[in-house]
Structure formats: structure tokens, C-alpha cells
Amino acid sequence: MRVASRALPVVSVDRSSPQPLYRQLYEGYRNAIAERRLTPGERIPSTRGLAAELQISRIPVLNAFEQLLAEGYFESRIGSGTFVAGSSVERVSRPSRGPGEKTLPRRAPRTVSRRATGLVRVKPGPWLSGFGPFNMGEPPVDRFPRAVWSRLVGRHSRRLDASQLHYPSPMGMESLREAVAEYLRTARGVSCEAEQIMIVSGSQQALDLSARVLADPGSPVWIEDPAYFGARNVLNMAEARLVPVPVDAEGLNVSAGIARCPRPRAIFVTPSHQFPLGVTMSASRRLQLLDHARQAGAWVVEDDYDSEYRYGNMPIAALQGLDRDSRVLYVGTFTKILFPAIRLGYMVLPEDLISPFFEARRAADTCPPLFLQSVVAEFIREGHFARHIRRTRVICRERRTALVEALERELGGVLEVLGDSAGMYLSVALPAGWRDREISNRAGAHGVWAAPLSETYVGPVRRNGLILGYGGTPAAQLGVAVSRLRDVLRDYARDRPRGPSRTAATRRSAAGAGRSRVAARRGGSARRAEPL
Ligand SMILES: Cc1ncc(COP(=O)(O)O)c(C=O)c1O
């Protein structure tokens, strides 16, 4: 390593570093200015002098100086030399990392918007960032037809013509919109034309656009309680007033919603498979909801995120198909059928919302890459999409069966499986008095990503439980994961504070069949606490 000597600021170069010399010099000067080791007006040595001192060629020095002059860190005065520019300090937002430094510099938090602060405060725990058993929202990506996909990607890149290189329409690619409209009419009973379809970057973006286009700050919006945290987050970001409406065995309790807030601006619902309780909204509730939305002049955002997966009976047609007043915005996604990283979804917009959504979309990010859209359109046109849904439906049903059987075997009488036989995850209720967040944290430490149900409540928490994804986990691994979960629950039952908070329900489940079965299989332990 060579270091420029004093009178000059310390700028060093390391010949063994993979970073080019000119870049090291550039960053060295930039950091020296940011850290005020060099101050405005200070003279910089000549390029020849610096090169000689560092024993390097003059070319990297010239390149670095050229860049620093172009960016305004240096200024050259004819006949006098090169100096640190007067306004240079303001240009440096933060010192860049030195070669080999892996972490960003730490800073105390600085002011951001209230909305962003709120989001950070409710940031969920490790269960959303880990990959592994019970990760919710993952379809069977291990069974995705990657060879077919690669062939289509190859074909499209070879065929790419100039028409696909321009700015696209914010509504998305025509051929994909037509394919989606056709699919939704036949498979989901959605009444739509291709003109109403907007291609989005996953259903999360559809929820975000809906919140921003439909709600003003302070607008009352009904949200299911418990609800999908992604919907809660976008409504908070839009500064809507969230009105939590309880969910019962028939789905969103419309009468309770009317009692709390009769004239909401919008209603966010998951009627096919309520997230996270897993119930399907009954036909009478659907009609009541649409009827009330019409009377109140409210929009209904139908998040149909995983409706392709139903195991007990035929798929339930979308709420949108029952709507006679064009009040429902239908939201669907490719991420639960193909793979989450694809970040493609779609919305069906009522005719009078096309224009505001078009402009909002243009203001945001225009639309997802056309290349990807054209590959998906072909994937659908060639029949791979329909075939893949048929296949993954069978796989998910098998995985669900394996999970339910393992839960029954290992934890029967302790955990109660909630909801219908559908989707890619299921929720289980914990015995009363058990804290799901702590259990989820403990499970995360064992590589098991069980999300706490309590985090999904918008109002007071009514139930503690776990959300267990199975779509992305092969059946054999689910059995292992349930065994690990059983161990986590056993340890939790042993460690958890006891006291008057234990309810009759806890005592009932403590006496349940699961205790004797699981305890007997594990050989027992003197310290083991009920119910495990
Ligand atoms: C209820 C619900 N809606 C929307 C989404 C978001 O899906 P996407 O990946 O399409 O953004 C999820 C993801 O898990 C979900 O569970």
C-alpha cells in the first residue's frame, strides 16, 4: 500500500485491491472532503506530483481528477492549480465505503415522513425474511417447469424486435391483458374485457395503487380484522383511517362494519380465502357486502390472491362477477401460481377508474418490463399456465394433507386448524394464554418460519396462533418441520411464565389428547409442562 505524504491529505492506493487505482483515488479524495480532512479552497497536488509520490502511472490520477472536477468536488484555476471546490462538502451525502468495508456506516435515525416511520415501527419479525418450512405465500416453486420457461425466455430474447423497446402503456402489454381477461372470465367468473385489465408488479402494487387512488388522508376504509399486513401497510401509507371489521365463520361481518362506520370510502377484502383465518365468504355475505357498498357509494377491493387453490370443492367464483354496479376492483397475481420473484399481477378496473389508475400508474413506474410480460403471455397461450395450475393444485393438496396429518399426529389437541381446505398456508390457534410472537421467534431460531397470527390484527388481538405456509415445502420436510415445531412448543410450554393468567381453556387443552400422545412418544421428562 502506498500513501501520499503530508502537507497533502492522506490518499492511499492499494495495488493488490481489485478496485481500479483511479477509483481508489477518486473515493479517497471524496471521503477526505466528506470527513472535512480537506476543506474548500485547499490546494490539491499536481497530477504529476501525486503520481510520482504514490509511484503509480499518471493515467489513473488524471482519470480520478477528471471525475472529481466533473462532479464539482475539485475546481481548477488557470495558472494556479487544482483546489477543493467551495460547495463540494454539500455534494457528499455520505462517505462511500472503503475497499473491503462490508457494512454501511451507522447513523442515528433522521427525519422521514410519518407514514414511513409508522411502517418501520410495525416491521414484522424474522418469519417474513427467512426461507424454509412454513414460509407463507410460497407456491411449489420446486415444481415450476423451469425448462419450458427457459425455452420461452430464450425464444423471446432472440425474437426481440424494436417495437418492444419503446415506452409501454401503463396498462401493460396488450397480448397479456387479453390472455388474463380470457383466463379470468373462464376460471374465476370475472366479468371483464381486456381494456379493463392493468398489469401490475404483483398484487401488492395493485393494493398500493388502490389505496392511493381511492382514499384521501383520513378517508375511512374497512379492513378485515385480522387482515393481510400488506393491505394494512398500504392503507397506512395512504393515511387512510382504518376501520377494522371482524371476520367470523362467514367472512367479513358486514353488519359489524355498518355499525362501526356506515359510509366507508373503500372496503378491502379477501373473500375466496380470508387472510389469515382461511374462511370463504358466504354467498349471503357477498350479496350483503355488494348491496351495502352500492348504498354507501364505497369501492370494494377484492384481493383474490390464491383462489386457484381449493381442495374440498369447486373454486368459488369471484365477488366481482356478482357485482352489478361496477364497484369491485379485482386483484390477482402470478406470484402465487408461477413464482414470487416474477413480481407480476393484474387488476380488473371498473370503466370509470381506468383513467385515474392509468395516470397514477404513469406517475409511479409505468409498468413491469415488457419482456417479462411477453414471456408470460406466451406461457399462457401455449397452455403451460393452465397445466401448471392443475399440477400445483394437486401438489398443494398433498402438502396440505401431509401438514394436517403431521399436526394431528404430533400436536393434536394442542393446536386447532382454522379455515377451509384451500390456499397455500393454514392458520392454527394456540391454547389460550400462549404468546405466538415469542413462539414464532423461537421457531425462527430453529429455521422454522411460523408467522404469529396476533400480528395480523388491526384492532385488539382476539387470538394467538401461527400461520403455517405449506405450498413451498415438500411433504417430507413438512413432517420434519412439525417435529421441530413440537419441540419449540414443548420448550415454550416448559419455560413460559405461569400464573393467574392461565385460563380454563388452557387447562382444558393441557388435558387434551395431544399431551399424552406426544409426551409418550418422546419418552417423557420430569420438567415437561402441559400440554406437551
Ligand atoms: C392476502 C395477500 N394478498 C396479496 C399478497 C401479495 O402478493 P404479491 O406477491 O402478488 O404481491 C399476498 C402475499 O402473500 C397475500 O397473502
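Begin with everything selected: of the contacts (heavy atoms within 4.5 Å) between residues at least 6 apart in sequence, 72% join residues at least 24 apart. This is a predicted model, in which local features need pLDDT of at least 70 and side-chain atom pairs count only at pLDDT 80 or more, while totals for chains, interfaces and linings use all residues. Residues are numbered from 1 along each chain as its sequence is written, and side-chain values use heavy atoms, with hydrogens and water left out.

Colour next by secondary structure, where the protein shows 18 helices and 17 strands, taken as DSSP runs (H or I of at least four residues for helices, E of at least two for strands). Of its 532 residues, 51% are buried, that is, under 20% relative accessible area with a 1.4 Å probe and protein chains only.

Zoom in on the N and O atoms. Which atom of Asp-303 lies 2.5 Å from a nitrogen atom of the ligand? It is a polar side-chain atom of Asp-303, and a polar side-chain atom of Thr-333 likewise lies 2.6 Å from a ligand oxygen atom, whereas Ser-203 places a backbone N or O atom 2.7 Å from an oxygen atom of the ligand. Taken alone the ligand exposes 400 Å², of which the protein buries 91%, by the Shrake-Rupley method with a 1.4 Å probe.

Note on methods
Buried < 20%, exposed > 50% of the residue type's maximum accessible area, 1.4 Å probe, protein only. Polar contact = N/O pair within 3.5 Å; in protein donor to acceptor, adjacent residues only side chain to side chain.
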